[in-house]
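The following paragraphs lead the reader through one part of a protein model. Please keep the sequence and the structure in view while reading.

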Amino acid sequence: MTKNTYTDIDLHEALKLKNEANSVLVDVRETWEFEEFNEGGINIPLSEIRDKRNLLTSYKNIVVICTNGVRSKVAAMDYCRVPEWLDKSIFHVKGGIIESA
């Protein structure tokens, strides 16, 4: 079975990419964390990423972010396993939001 792979990028690259057409920033932290502080994009907590995949089908570039890069890496790996998404580019923000702190 062919599988997609994700690309590690830094926060600066992610913020630039999220403004491009067909790109989305997905914050996989819990809702309260997102409400406290975020870099924009949409909030889909890690526990809901499979249930809410349909929110991302129209995008070509999916950028996944969390606090320190742990949860977002899990989400990026999961998104790479979606057979219908082989044509999508998956990006993971290595180091997460706190990289910029």
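Two strands are said to pair if DSSP finds at least two bridges between them. In this predicted model, strand S4 (residues 61-65) is joined to strand S5 (residues 89-93) by 4 bridges, and the two run parallel. Within this pairing, isoleucine 62 stands opposite isoleucine 90 in S5.

How many residues of strand S4 are buried? Buried denotes under 20% relative accessible area, and 5 of the 5 residues of S4 are buried, so the strand is largely enclosed by the rest of the structure. Asn61, Val63 and Ile65 point one way from S4, whereas Ile62 and Val64 point the other way, and all are buried.

Aspartate 27 lies in strand S2. Because its relative accessibility is 1%, aspartate 27 counts as buried. Neighbours within four places in sequence being left aside, the contacts of aspartate 27 include Ile65 and Cys66, as well as Phe34, Asn38 and Ile97. Also among them are Ile42, Asn43, Ile44 and Pro45.

As for annotation, an unreviewed UniProt entry places the feature "domain: Rhodanese" at residues 19-77. The end C-alpha atoms of residues 19-77 lie 23 Å apart, and the span is 24% helix and 20% strand.

Technical notes
Residues numbered from 1 in each chain as written. Predicted model: local features only at pLDDT ≥ 70, side-chain atom pairs only at ≥ 80, totals over all residues. Heavy atoms only, no water. UniProt positions renumbered as here; feature names shortened; annotations may be inferred. Buried < 20%, exposed > 50% of the residue type's maximum accessible area, 1.4 Å probe, protein only. Contact = heavy atoms within 4.5 Å.
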